[in-house]
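This report describes a two-chain model, going from local pairings to the chains and their contact.

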Amino acid sequence: MEWQWDWALVGHILPELARAFRVTIAATVFGFSLALVGGLLLTILRRSRWKIISWPAHFTVEFIRSTPLLVQLFFIYFVLPIQLPDFGGMFTSAFVTGVLALGLHYSSYTSEVYRAGIDGVPKGQWEAAAALNMSRGRTWTSVVLPQAIPPVLPALGNYLIAMFKDTPLLYAISVAEVLTAAYQIGSQRFQYVEAFTIVGALFLIVSLISAWLIRRMERWTALPAQ
Amino acid sequence: MSDSTEKPPIIRFQGLEKAFGDLKVLQGIDIDIPEGQCVSIIGPSGSGKSTLLRVLMTLEEPTGGRVEVEGESLYTMKRNGEEVPASRAHISRIRRKICMVFQHFNLFPHMKVIRNVTEAPIHVLGLSKREARERAESYLEMVGLSDKLNAYPAQLSGGQKQRVAIARALAMRPKIMLFDEITSALDPELVGGVLDLLREIKESGDMTMLIVTHEMKFARDSSDRVLFFDEGVIREDSDPKRIFTNPEHDRTRQFLDTILSEQA
């Protein structure tokens, strides 16, 4: 018997995959929002004058970057609820766990990106802020971050796409994202090709569109020519 | 007048020292500056002139000695009768009286000219947006840039940038203004205009001005007092007329001979 691509099946399973794909998108959006905030927080903590603050932040970044996302995912999902029963309730939702793991993992990468952006702000800018008696917080929000972030948007964008492509790992803790749905569909009918092809195509299309949007965004945020 | 009622000098340096590693940049500076004085600070590069301003602006911490502003120590404060290192709040309260203009302008490149001048008055002084804008417009008019409110710094010439930086500092209405070689990065034809502006600022108020400069004509004709820095100490502290016609020290004479022949 010769295998044939089954268009009728595609039409049949597409709505279901699209629904599951919304979970993938949601995990990416929440996860990356967390990574954007968490990374910034880690960066600022790492710059603290007090070692008691900067050192744990350093350690956290190194630790997260040196261990695989899948291990972190399992750790948060299976180990924490047992070791920390009081907080365990938080991690019983697979989706929440997945978002937390993605967010935490990518915080360590965005933190490095922010650091590069902040190092690129000339010392004179900090000095001008000090000469105007700006507080620490005001110096960050008015002077440093608006100059540090636009140049690193491409790098942040790359991590956004990378995280998006990492969301199928959530299959491992049974989040109902698109790969999980495709696998279920495939195993019910023993027809895997269409389902997995659609998943691949969805990732491809969204990645390409995101990359294009990020390039556009760089142009909007660019400073006027020197 | 007795000591208790006498007003302290607006700035007092006592035995001020600053070292970067083994390099001693300031080696015991003792000087009082009365309120309203316009002081030019001259001397060879590396003699510690800029460092003095930077210590006063709290951009560098001194390694010894004392800085007082209106009789209050900048880097220490009293707690339970003891002198302890100053808190951030203490430094910020005193630093409010001081502002600085830099050699390389240090404008905020992501803000339009007008916002460069309104940002700190709004967020540091607590002015309303309207008050800050009116104030900024009046200072930008004073520096001759009323038509550039909506330009970005990158669209301005060096001289224009420095005028914005001066307006930005003036808008803070500090009692003390520090000018760190503000004409050194400018094209020669733009220097005169910025120096005229400095003279105007001096005439228009009772601000205390410390001006690190290589413009000897300005130092001689437009300041109340000239300090000659050499190897981390004040070699000569003098009336501007006298230091240029009849300096006390050979080092001063050598320096002036060299630099005046260059500027002639």
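## Strands, cores and interface

In this predicted model, Thr76(B) stands opposite Pro85(B), a residue of β7(B). The two strands concerned, β6 (residues 76-79) and β7 (residues 82-85) of chain B, are paired in the antiparallel sense over four bridges. Together β6(B) and β7(B) make a hairpin, with two residues between the strands. In its turn, Asn80(B) has a positive phi of about 50°.

| Strand pair | Sense | Bridges | Residues opposite each other |
|---|---|---|---|
| β6(B) and β7(B) | antiparallel | four | Thr76(B) and Pro85(B) |

**The chains**

Chain B contains nine helices and twelve strands. Its radius of gyration is 19 Å, close to the 18 Å that the globule rule gives for 264 residues, so chain B is as compact as a globular protein of that length. Along the principal axes, the C-alpha atoms of chain B fill a box of roughly 55 × 50 × 45 Å. Buried residues amount to 43% of the 264 residues of chain B. Of the contacts in chain B with a separation of 6 or more, 63% involve residues 24 or more positions apart.

Chain A has nine helices and zero strands. Its pattern along the sequence is accordingly written α-α-α-α-α-α-α-α-α. The box filled by the C-alpha atoms of chain A, taken along the principal axes, is roughly 80 × 50 × 25 Å. Of the 226 residues in chain A, 32% are buried. Contacts in chain A between residues at least 6 apart in sequence join residues at least 24 apart in 75% of cases.

**Nonpolar cores**

The largest nonpolar core has 76 residues, and Met100(B) and Leu178(B) have the most contacts inside it. Helix α5 (residues 158-170) of chain B is the element that gives the most to this core, with six residues. Leaving aside neighbours within four places in sequence, Met100(B) is in contact with Leu53(B), Met57(B), Ala169(B), Leu178(B) and Asp180(B), and also with Ala131(A). Another core lies apart from the largest one; it has 29 residues, among them Leu34(A), Leu36(A), Tyr114(A) and Leu170(A).

**Contact between the chains**

On the side of chain B, 22 residues are in contact with 18 residues of chain A. The elements that give two or more residues to this side of chain B are α2 (88-95), β8 (98-101) and α3 (113-123). With three residues, α3(B) gives the most. By class, the side of chain B that touches chain A has twelve nonpolar, seven polar and three charged residues.

Ser92(B) is in helix α2 of chain B. Buried or partly exposed: which applies to Ser92(B)? Ser92(B) is partly exposed, because 17 other C-beta atoms lie within 10 Å, whereas a buried residue needs 20 or more. Thr58(B) is 34 residues away from Ser92(B) along the chain, and their C-alpha atoms are separated by 9.4 Å.

Ile114(B) is in helix α3 of chain B. With 20 other C-beta atoms within 10 Å, Ile114(B) counts as buried. Not counting residues up to four places away in sequence, Ile114(B) touches Arg133(B), Ala136(B), Leu149(B) and Asn150(B). Ile114(B) and Ala151(B) are 37 residues apart in sequence, with a C-alpha to C-alpha distance of 8.2 Å.

**Confidence**

The average pLDDT of chain B is 93, and 98% of its residues score at least 70. For the complex, the predictor gives an ipTM of 0.92 and a pTM of 0.87. Where pLDDT is low, predicted coordinates should not be read in detail.

How values were computed: Residues numbered from 1 in each chain as written. Chains lettered and ligands numbered in written order. Predicted model: local features only at pLDDT ≥ 70, side-chain atom pairs only at ≥ 80, totals over all residues. Contact = placed C-beta atoms within 7 Å. Nonpolar A, V, L, I, M, F, W, Y, C, P; charged D, E, K, R; others polar. Rg over C-alpha atoms; globule rule 2.2 N^0.38 Å. Buried ≥ 20, exposed ≤ 12 C-beta atoms within 10 Å, placed from the backbone. Core = buried A, V, L, I, M, F, W, Y, C linked by C-beta atoms within 7 Å. pLDDT = per-residue confidence, 0-100. Pairing = 2+ DSSP bridges.
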